[in-house]
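Hi,

Here is the structure I promised to pass on. Have a look at it first, and then read my notes on the salt bridges and the pocket.

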Amino acid sequence: MTEILSPKFRSTVLDRHNRRLNGENVPDKYDAEIVSHTGELIPVEISVSVIQYEGRGATVSIVRDTRERSLAQEN
């Protein structure tokens, strides 16, 4: 997922991912931006859960486009 994250958020998301897998208590929901295939920055909300996969810790992330919510809040 890191290749689609905006460079502005990449290090924060990676840091949280590593800390989460090491058992630290970090936010499980946060705002970020991804970059579309056309280069458009898209605001998103990321929700993350830790799971066990093949005997190891892993994460499942849900990424929700928040453009409509952002527009509604502006009006």
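Let me start with Glu45, which is buried, at a relative accessible area of 8% (buried is under 20% relative accessible area, exposed is over 50% and partly exposed is in between, with a 1.4 Å probe and protein chains only). Before I go on, a word on the basis: this is a predicted model, where local features need pLDDT of at least 70, side-chain atom pairs count only at pLDDT 80 or more, and totals for chains, interfaces and linings use all residues. Residues are numbered from 1 along each chain as its sequence is written, and side-chain values use heavy atoms, with hydrogens and water left out.

Which residue does Glu45 pair with in a salt bridge? The partner is Arg64, and the closest N and O atoms are 2.7 Å apart (a salt bridge here is a side-chain nitrogen of Lys or Arg within 4 Å of a carboxyl oxygen of Asp or Glu). This pair links distant parts of the chain, 19 residues apart: Arg64 is in strand β3 (residues 56-65) and Glu45 in strand β2 (residues 41-53). Helices (H or I, at least four residues) and strands (E, at least two) are DSSP runs, numbered from the N terminus. Arg64 itself counts as partly exposed, at 43% relative accessibility.

The whole structure has 5 salt bridges. Another one joins Arg19 to Asp15, with 3.2 Å between the closest N and O atoms. Both residues sit in helix α1 (residues 7-21), 4 residues apart, or about one turn of the helix. Arg19 is partly exposed at 30%, and Asp15 is partly exposed too, at 39%.

Asp65 and Arg67 also meet through their side chains, at 2.5 Å from N to O. Asp65 is partly exposed at 38% relative accessibility, and Arg67 is partly exposed at 32%. Elsewhere, salt bridges with shared partners join Asp15, Arg19 and Glu24 into one network.

Now the largest pocket, with a volume of about 160 Å³. On a 1 Å grid over the protein atoms alone, a pocket is an open set of points where a 1.4 Å probe fits, with protein on both sides within 12 Å along at least five of seven lines; lining residues have an atom within 4 Å of a point. The volume is the space filled by probe spheres set on the points, which are joined across faces, edges and corners. Among the lining residues are Met1, His17, Tyr30 and Ser61. Helix α1 gives the largest share, 4 residues.

Cheers
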